[in-house]
Structure formats: structure tokens, C-alpha cells
2 protein chains.
Amino acid sequence: MSITSDILRGHTEAIILSHLLEHDSYGYQINKDIMKKTNNAYELKEATLYSAFRRLEQAGCIRTYWGDETVGARRRYYSITEKGRKAYADYKREWQEAREIIDQLLN
Amino acid sequence: MSITSDILRGHTEAIILSHLLEHDSYGYQINKDIMKKTNNAYELKEATLYSAFRRLEQAGCIRTYWGDETVGARRRYYSITEKGRKAYADYKREWQEAREIIDQLLN
DNA sequence: CCAATATACCTCATCTGTCAAGGTAAATAT
DNA sequence: ATATTTACCTTGACAGATGAGGTATATTGG
């Protein structure tokens with residue numbers, strides 16, 4: 001990965017929620033999606049991902065259920081809740097505001 | 001302040017370097033400048049500021065000297081070094097890259 | 001004149017998100 | 001048979017941000 005973690009810090013939850021807005025998914029898949037979407041410029045570390053899942057679930061932003069795979073490894077799916085949608089909207093607004101501020105400060 | 005610290009995290013040093021590119025300055029002034037530039041949307045906390053100064057100095061990105069005020073409180077001035085200019089260029093490139101990545105992921 | 005506020009510096013302990021390193025288990029490819 | 005891929009997870013350590021505290025001088029309002 002080329003982007004340092006401190007710059008991406010704080011965006012993990014928003015990135016996850018954004019993915020779940022499209023459709024339910026599971027950890028491994030979300031991780032692959034992010035790498036693909038960014039042409040391997042950014043890879044969420046597993047530990048980071050799972051700790052974000054825990055925070056999001058505890059906050060009521062996502063719900064989880066086990067997939068009914070009869071073949072292959074079991075998958076724990078995540079789906080976004082109504083609260084999660086609101087949280088995402090907030091995150092996004094915040095990001096847009098922060099982006100402008102930083103652009104302004106980094107002349 | 002309206003922006004959460006985790007989103008700004010990692011940008012402190014770049015913000016300071018950017019200010020020092022224009023002219024030497026001191027802690028208190030840099031802080032005020034940032035608030036003004038952002039219409040009070042963002043305020044660097046003092047502890048954050050001074051710990052960033054320490055990191056920057058240790059990394060050789062800035063040099064410090066005491067002002068010769070004969071009146072008022074003493075001021076410790078900071079000036080950017082050649083290494084600091086290079087570091088700033090790197091920070092800025094990184095920011096632009098990160099901005100695109102996040103924009104891509106938060107849709 | 002005196003109290004409050006502003007200028008200006010600093011430190012320490014704590015908090016939080018990230019991540020390296022480790023683990024489990026099943027399926028598939030070589 | 002063995003290596004790789006899919007898929008999950010935990011623990012401890014690290015680093016930047018910050019609340020809370022401190023020092024000292026100058027200015028301003030009542």
C-alpha cells in the first residue's frame with residue numbers, strides 16, 4: 001500500500017458503510033473490493049477491518065448474520081441499519097468539510 | 001471545532017510546514033492563523049501543536065530560535081529547513097493521492 | 001488599582017484507531 | 001500430498017491527539 005495509515009485513519013468506518021450501502025457483504029469480500037476499487041493503492045488490514053466491524057455493530061450501525069454456505073468457508077455477513085445510513089451521511093458530510101479545510105491549509 | 005480529530009490526524013505536520021513556507025512564525029501565531037483561515041472550523045490543540053513541533057524538529061524539518069522581543073512574552077520562532085520543504089512536498093502529494101482514494105471509496 | 005483576559009510558552013497521562021503477528025478451519029489448485 | 005486461497009478471529013504494542021494541568025508577562029475594563 002502506498003498511503004500511510006494516519007491519513008486514512010478515521011475513514012475506515014465510512015468506507016465500510018459505503019460498501020454496505022450497495023449490498024450486504026462479508027469481511028473478506030469487502031477487503032478485496034477496496035483493493036480492487038483503488039487499484040491496490042489501499043488495503044485495509046484485517047485487524048483494522050474487524051475492529052471497525054466491532055465498533056460499528058456496537059454503535060448499532062450494522063447487523064450481522066451467518067451465511068448459509070453449504071460449501072466453502074463460512075461467511076459472516078454484515079448489513080447496514082437505518083442508523084448506519086444516517087451515520088454514513090454524517091461521515092460523508094464531515095469528509096467533504098475536512099477535505100476543503102485541508103485543501104485550504106495545504107495551500 | 002467541528003471536524004473530528006481522527007480525520008485531521010496525520011495532517012498536523014503538513015499544516016505547520018505549509019505555514020512556515022510563507023514565513024517564520026511561532027506557535028501561538030500559527031494556531032491563530034489556522035483558526036482564522038478556516039473560519040474557526042478547525043483549531044489545533046496546543047498539546048497537538050507542540051508535540052508536532054518536537055517531531056518536526058527531531059526529523060530536521062524545522063529549526064527554532066528565540067525571538068528578541070524586549071516587550072511582551074518571549075516567542076520561540078520556527079523556520080522550515082530544506083528537508084522540511086521536501087517533506088512538505090511529499091505530504092502534499094500524499095494528501096492528493098489520499099483525497100482521490102477516499103473520494104472513490106465514499107460514494 | 002486590581003481582577004480578568006490575552007499573549008506565549010510547556011508537560012504528562014490517557015485515549016483511540018491501526019496493525020504486526022499470531023491463530024483456526026475448510027476448499028481448491030499443483 | 002502440499003501449497004495456496006478463502007474465510008474467520010484475537011492480542012499486544014505503537015503513535016498521534018488531547019484534556020488537564022502548569023509558568024510568566026502584558027493589557028484592558030471597571
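Analyst: Happy to. Let's begin with pairing: two strands pair if DSSP finds at least two bridges between them. Please keep in mind that this is a predicted model.

User: What makes strand 1 and strand 3 of chain A a pair?

Analyst: The cut-off is at least two bridges, and two bridges join strand 1 (residues 25–26) of chain A to strand 3 of chain A. The pair therefore meets the definition, and the two strands run antiparallel. Within it, Tyr26(A) has Tyr77(A) as its bridge partner.

User: How do you know that strand 2 of chain A pairs with strand 3 of chain A?

Analyst: By the count of bridges again: five bridges join strand 2 (residues 62–66) of chain A to strand 3 of chain A, and this pairing is antiparallel too. Here Tyr65(A) is the residue opposite Tyr77(A).

User: Why is strand 3 of chain A called largely enclosed?

Analyst: Buried means under 20% relative accessible area. Four of the five residues of strand 3 of chain A are buried, so the rest of the structure largely encloses this strand.

User: Now chain B. Why are strand 1 and strand 2 of chain B said to stand at the edges?

Analyst: The open sheet of chain B has three antiparallel strands in the order 1-3-2. Strand 1 (25–26) and strand 2 (62–66) of chain B each have a single partner strand, so one side of each lacks a neighbour in the sheet. Strand 1 and strand 3 (residues 76–80) of chain B are joined over two bridges, with Tyr26(B) opposite Tyr77(B). Helix 2 (residues 12–22) of chain B packs on this sheet and touches strand 1, strand 2 and strand 3 of chain B. The direction of helix 2 makes about 90° with that of strand 3 of chain B.

User: What makes helix 2 of chain B largely enclosed?

Analyst: Nine of its eleven residues are buried, so the rest of the structure largely encloses helix 2 of chain B. Among the buried ones are Ala14(B), Ile15(B), Ile16(B) and His19(B).

User: How do you know whether Glu94(B) is buried or exposed?

Analyst: Its relative accessible area is 17%, and the cut-off for buried is under 20%, so Glu94(B) counts as buried. Glu94(B) is found in helix 5 (residues 82–105) of chain B. Leaving aside neighbours within four places in sequence, Glu94(B) is in contact with Ile3(A), Thr4(A) and Ile7(A).

User: Why is the approach of Tyr28(A) to DNA strand D called a polar contact?

Analyst: The limit is a pair of N or O atoms within 3.5 Å. A polar backbone atom of Tyr28(A) is 2.5 Å from a phosphate oxygen of DNA strand D, so this pair qualifies.

Methods
Residues numbered from 1 in each chain as written. Chains lettered and ligands numbered in written order. Predicted model: local features only at pLDDT ≥ 70, side-chain atom pairs only at ≥ 80, totals over all residues. Heavy atoms only, no water. Polar contact = N/O pair within 3.5 Å; in protein donor to acceptor, adjacent residues only side chain to side chain. Contact = heavy atoms within 4.5 Å. Axes fitted to C-alpha atoms, helices over the stretch in contact; angles between N-to-C directions. Buried < 20%, exposed > 50% of the residue type's maximum accessible area, 1.4 Å probe, protein only.
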